[in-house]
Amino acid sequence: MDNLIPRRVYDFLKQYPPFSLLSEDVLLPIAEQAAVRYVRPGEELFRQGEQPGQSVFIVREGAIQLFRESPSGPLLVEQCDEGDVFGIRPLLASEPYALTARAGEESLVYAVKVDGVRQILDAHPGVALYLAQTYAAGVGRRYSVDLKPQLFLGGQPAWGTADALLEVQPLEKSKAPVTCAPGTTIQQAAEVMSAEEVGSIIVVSPERHPLGIVTDKDLRKKIATGQVPLARPVEEIMSSPVVTVPAEVTMADAQIAMVRHRIHHLCLTEDGTTGSPVVGVLSEHDLMVMQGNNPAILIRETRRCKTSGELREIRERAEQLLEKYIYQEVAISFISTVMTEINDAIIARCLELAEAALEEGGQEAPAAGYCWLALGSEGRGEQLLRTDQDNALVFENVPEEDHEKVKAYYLELARLTTTALNEVGFDYCPGEMMASNPKWCLSLAEWEQQFSHWIFKPEPKAVMYCTIFFDFRPVYGMRHLGEALTAHIFEALDNQEIFMAFLAKNALQNPPPLTFFRNFVVEGSGEHKNEFDIKARAMMPLADAARVLALHARVPHINNTFRRFDHIASLEQNNRELYEQAADAYEILMRYRALQGLRQRSSGRFFNPADLSKMERINLRNAFRPIKELQSLLTTRFQLNLMG
Amino acid sequence: MWDWLNKWRAPVPEGPPFWEAYLRSLTARPAAKRQPLSEVEFVVFDTETTGLDPQKDQILSIGAVRACQWQIEVSDRFEYALQQEYTPVPGTVAVHGILPGRKIGNLPEEAALQEFLAYCEGRVLVAHHAAFDLAMLEAGLKKMGGGKLQNHVLDTGVLAQRVSPGHKPYGLDELLKVYGITPSDRHTAAGDAYMTALLLFKLLFRLEQRGVKTLGDLLKKPRKL
């Protein structure tokens, strides 16, 4: 019965980050030192400018509002509900409070002693990382070095597994070996194999050392053909010596051994030689199953696919891989690289199949080559789930008289390809931004003209197109056509600096919401909504800002939003921290969208705040902060307040 | 109407040393009637007993928290089970889960009551249906040669009726529900004391809204026995 009250505090704290990352023996003493504070409606817990006390707060029930005092009156910055941590300033620095905390309604908060939390920071990198992520501006980079943004999905976060490929982990399981003596008849051996449902049998000496192996292929080739009678001993047909590997072989090594010896079965022995007992058998099929969906295998298999149905299967296996990566909290840079490679391989295969189909139908490929461009999120290399396809085609300049014929061929190629992609699961773009649309299947000269037109006549629709087309990325075909186009765009931008301002203004269209409160999305105006559009309200503003900044700095070839931020961070030292936070925020958002999409089997674009866990709300809300700061940076840099 | 309270507070000249120490401690934490609500120091407590008759039944455990300035320090709590010999009435144990002879944080009854007095000093005592808990404590103290408790006493049941007059008297469970306090860990003295303290805060705020500003205002209505 002892410790009942701290236990109650503990039971609450352990549900919410960063406390959820702590074990009981660490958290219980923290609960023991907590105070329970009742806050009357309208009462202030602390005031902006006050020296911080000795506690940080977590809302037990009710609502605490954080205000920034300004000459025009208090400005609501944040609304904290159950489980939200606030007033963290004393933990970080002995600076005065930056905000005023006031109860919006009758509230109960737990005040947790700063000393207790500070003590655990060094021993618990997860807590430090969480605080760094949440309150980055105040923490400095000390705690965030080398730690990439995480969702804290619960369980053990996969520290350091970011780039660890499963391939190099030792294989743990191989089948118990099915064996027989050399004098066993072929008939008996075949019966054992079929009873055990295995494709091979190891012929062993009395010491269980492997002498040879008989596989179902041997049976088919040598027995079914009547070459050797069934009554003969197995040693007459076995392959010998057996290729052996040590029991603790890695997947990569096993694969290499099979490829090198052109065999489909490996015998595992104690010391890896034929001079020690057999401990297991590994078939190529086992290996495939164990590897599940290794990206290299998926990409290789893509090249063998003959139909869009087969490609769809590959893409679905890629999705399982994605799911695994997301739950293991593998670095998003790695995940997006893998998924983009797979998507690209699928697109390339669709094009190859389309080319072949046209040739079969008697339509010869024109002498003028082409390049397939991915646009939008696939262009940025950020398409984790199958969302709409956005693509375009550029072909080499051709003489006027051939133009129509060449264009007709490529339109047909694009039609076949987009249809195939649709069958793979990439929906048609509702805005028809696809290479099969005559407007977006153009020669290089036409494309150059098109971009110039957008840049020199920046009407709203043109700017909208730019946000999609400027992220183009050559995926298949003559990549130099893409390069030429980039060079042209940069040249045009040099002559039309005002265009950047239009692009920047477009990036401000969708300010992020203020926060989540209970089951609502709270807008800056205080309005509450039930649905959150992660793409429009959080991802696009970041992607748009990254694009403007990257184009402004004339950074070529980097389309990926977080890589763009990372790159700009290296160029602009004084805004480095903000750009790094923006990159982190984007990664977090990509994870959420993928996670939500996998859960709902949808594009993951829309969330109901009621469906989010506390941790998820906090993570998302934190991702809003750099967006707001970036938008004000763009406003200043491009003098957008003068634009009307 | 409440001059009997003042009579209570008249110093008792003699008694065992623990009782004299208690009487002296009253002046260490004087609860002045002009104190604003937020400065009043409360001890919110609860007892678990073997039954409902102060003359026959015994205290099994005492739980208490100090509440002041709308705050409770978790580490500053009082939580003792009392050692005793008795045969539990079947059913009582089922409610509060305390088994006889349990050795966790327990003290002989005398020591526990002395500790409790030292914990309270002159603070204002608060309990739900305080009359019963008070009678249980005083029955125990009497056996030890002590007298009546001299502290101001508040009953959250009575305060709740002041907040919503005309309502039938509420049990603690009902009130916790009405005031949205999650009633986990109920039926242990410490759990109930903690919950009662949260209830006290909510009631104090509501009374404050109605012009109750000081301890004196709070004590104006007599507690009903």
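Which strands of chain A does helix α13 lie across, and at about what angle does α13 run to β18(A)? Helix α13 (residues 332-360) of chain A lies across β15 and β18, at about 40° to β18(A). This is a predicted model, in which local features need pLDDT of at least 70, side-chain atom pairs count only at pLDDT 80 or more, and totals for chains, interfaces and linings use all residues. Residues are numbered from 1 along each chain as its sequence is written, chains are lettered from A and ligands numbered from 1 in the order in which they are written, and side-chain values use heavy atoms, with hydrogens and water left out.

**Four-stranded sheet**

- The strand order in this open sheet of chain A is β17-β16-β15-β18, with mixed pairing; two strands pair if DSSP finds at least two bridges between them.
- Helices (H or I, at least four residues) and strands (E, at least two) are DSSP runs, numbered from the N terminus.
- Because β17 (441-443) and β18 (473-477) of chain A each have a single partner strand, they stand at the edges, and one side of each is left without a neighbour in the sheet.
- From one strand to the next, the twist averages 30°.
- Strand β15 (residues 370-374) of chain A runs antiparallel to β18(A), and four bridges join them; A374(A) has R473(A) as its bridge partner in β18(A).
- Helix α15 (residues 400-424) of chain A also packs on the sheet, touching β15, β16 (391-395) and β17 of chain A, where contact means heavy atoms within 4.5 Å.
- The direction of α15(A) makes about 150° with that of β16(A); axes are lines fitted to C-alpha atoms, for helices over the stretch in contact, and angles run from 0 to 180 degrees between N-to-C directions.

**Three-stranded sheet**

- A further open sheet of chain A has the order β9-β10-β11, also with mixed pairing.
- Strand β10 (residues 200-204) of chain A pairs with β11(A) in the antiparallel sense over five bridges, and S200(A) has T215(A) as its bridge partner in β11(A).
- Helix α7 (residues 186-196) of chain A lies across β10 and β11, at about 130° to β10(A).

**Second largest pocket**

- The lining comprises 43 residues, with S377(A), T387(A), K535(A), R593(A) and R605(A) nearest the centre; a pocket is an open set of points on a 1 Å grid over the protein atoms alone where a 1.4 Å probe fits, with protein on both sides within 12 Å along at least five of seven lines, and lining residues have an atom within 4 Å of a point.
- Helix α20(A) gives the most to this lining, with seven residues.
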